[in-house]
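Dear colleague,

I am passing on a structure for you to look over, and my notes on it follow below. Please read them with the model open beside you.

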Amino acid sequence: RVVSARLGWIQRCFPEFARAILLVNTPWAFAAAWRMVSGLLNARTKERVQAFSAKELPEARARLLEFVDASVLPKRWGGEADDA
């Protein structure tokens, strides 16, 4: 109940500046936590957050390329830039 109220307050008071939040190579525990927390978020916020596990790296790379130019994205994430 407290968490739900706090999340509602945060979503009302702080504007969303990110078009998308992409979390790559998330651990299994994140997926479990996300299932619990995402139900408390409004649809607009929930749609902006995407998490990809290690098994979903091809999908993560494709999604990253929608937001980041391949010339600056490191090769390990599907881009053309040298890995640092």
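Accessible areas here come from the Shrake-Rupley method with a 1.4 Å probe, and for residues only the protein chains shown count as cover. On that basis the protein exposes about 6,400 Å², of which carbon and sulfur atoms supply 59%.

Before going further, please note that this is a predicted model, in which local features need pLDDT of at least 70 and side-chain atom pairs count only at pLDDT 80 or more, while totals for chains, interfaces and linings use all residues. Residues are numbered from 1 along each chain as its sequence is written, and side-chain values use heavy atoms, with hydrogens and water left out.

The secondary structure comes to four helices and two strands, taken as DSSP runs numbered from the N terminus (helices H or I, at least four residues; strands E, at least two). From the N terminus on, these elements run α-β-α-α-β-α. Of the contacts (heavy atoms within 4.5 Å) with a separation of 6 or more, 56% are accounted for by residues 24 or more positions apart.

Buried residues make up 20% of the 84 residues, where buried means under 20% relative accessible area, exposed over 50% and partly exposed in between, with a 1.4 Å probe and protein chains only. In helix α4, residues 57-64, the buried residues are Leu57, Ala60 and Leu64. Seen down the axis of α4, these buried residues fall within an arc of 55 degrees (taken from the directions from the helix axis to the C-beta atoms), so they line one face of the helix. An α-helix has 3.6 residues a turn, so residues three or four places apart point the same way. The buried residues of α4 pack against β1 (21-24) and β2 (49-52).

The structure also holds two salt bridges, each defined as a side-chain nitrogen of Lys or Arg within 4 Å of a carboxyl oxygen of Asp or Glu. In one of them Glu66 pairs with Arg63, the closest N and O atoms being 2.4 Å apart, and Arg63 is partly exposed, with a relative accessible area of 22%. Asp82 forms a salt bridge with Lys75, with the closest N and O atoms 3.2 Å apart; Asp82 counts as exposed at 61% relative accessibility, whereas Lys75 is partly exposed at 48%.

Lastly, Asn25, found in the loop between β1 and α2 (28-38), has a phi near 65 degrees, a positive value in a residue other than glycine. Asn25 is partly exposed, with a relative accessible area of 42%.
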